[in-house]
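I opened my notebook for a new protein model.

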Amino acid sequence: MKTKMMYRIKNGKWFWMLAKYAILILLAYQLLYPVLYMISASIKAPTDSYDPSVIWIPKHLSATGFQDAFKTMKYMDALSQSLQIGLGCAILDVISCALAGYGFARYKFPMKNIFFACVILTLIVPTQTIILPYYSNMKYFNPFGIMSLISKLTGGDLAINLVGNKLSFFIPSALGAGIRSGLYIYIFKQFFEGMSSALEESAYVDGSGPLRTFFHIMLPNAKNAIVTVFLFSFVWHFNDYYLSKQLLGTKMRTLIVALSSLRVDLAALIGGQTTTDPIRVQTRIQAGCLLAILPMFLLYIVAQRKLADSIEHIGIK
């Protein structure tokens, strides 16, 4: 009897183990299928694209798709623009959102809950609903009404146009109003609330002021939150299409904007054959997609363990 029970238990364990691995394999296939398809399509020679016997593994390898996509997208220039915006905004988001999150976590002030509700509201409101005033503010940038005051005093019409300038991304991030800044403030708020207030009390006893306590005591202990916010901000700014298209225009194109216009730009490169040779265009678009995701893929390889540990320690899901 005991032998039969042990046999059933072992069979049950094997069954659930096989079921678990089967589900994981199916999920992995669903995630990897687009990448495998892009790799297969982008390295095919033109003859293989019209060969019905070639499905996944090409008979003739060709790098023409990557060369044309690299040239058409002006890859290095677009990558440089994306990196500058991503890194700059990530650093500014860390500084501004850490200050805001610390203020919400440690200080009491009138209408605190209402202000924090407004911060959370920024996560709900789509960018498309506020793009007109957002664009207008950048087109006619008027900080604190200074430009209007100078115009009245001088009788001229002074205006600062930030459209087509990376400052249209840097200024909102520096003020805690960049892409997903509400989430970053929430992350820092939750993290600082979990830290012991004894650290600050000890600093105050030693004569430190609020800012010195924040920068020398609290911020160095918030490394996990800093890593999480920095990576989130970098990835979202790097992959942003909507605001980049609206605020930077066509002359200063990020990698994602360059990829979105690849089909149109290819017409000039391959002699206007977008209609007569769609397969040729498709292979170059797949190569462009691989080039576009390559920086994020390398970032994931380098930082995925650090990101997972940081998210685990700050307690968000």
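What volume does the largest pocket have? I looked it up: about 700 Å³. This is a predicted model, where local features need pLDDT of at least 70 and side-chain atom pairs count only at pLDDT 80 or more, while totals for chains, interfaces and linings use all residues. Residues are numbered from 1 along each chain as its sequence is written, and side-chain values use heavy atoms, with hydrogens and water left out.

**Entry 1: the largest pocket.** I noted that 27 residues line this pocket, and that Thr-127, Ala-177, Gly-178, Ile-179 and Arg-180 are the closest to its centre. (A pocket is an open set of points on a 1 Å grid where a 1.4 Å probe fits, with protein on both sides within 12 Å along at least five of seven lines; lining residues have an atom within 4 Å of a point.) H5, H6, H8, H9 and H13 each supply at least two lining residues. (A helix is a DSSP run, H or I, of at least four residues.) I sorted the lining into 17 nonpolar, eight polar and two charged residues.

**Entry 2: the second largest pocket.** I found about 320 Å³ of space here. The lining includes Leu-31, Val-35, Met-296 and Phe-297. H16 gives the largest share, six residues. The lining has ten nonpolar residues, no polar and no charged.

**Entry 3: two helices.** I checked H4 (75-106) against H12 (223-238): their axes come within 8 Å and cross at roughly 145 degrees. (Axes are lines fitted to C-alpha atoms over the stretch in contact, and angles run from 0 to 180 degrees between N-to-C directions.) The contact (heavy atoms within 4.5 Å) includes Leu-83 and Leu-87 of H4 and Phe-230 and Phe-234 of H12.

Definitions and conventions. Points joined across faces, edges and corners; volume = space filled by probe spheres on them. Nonpolar A, V, L, I, M, F, W, Y, C, P; charged D, E, K, R; others polar.
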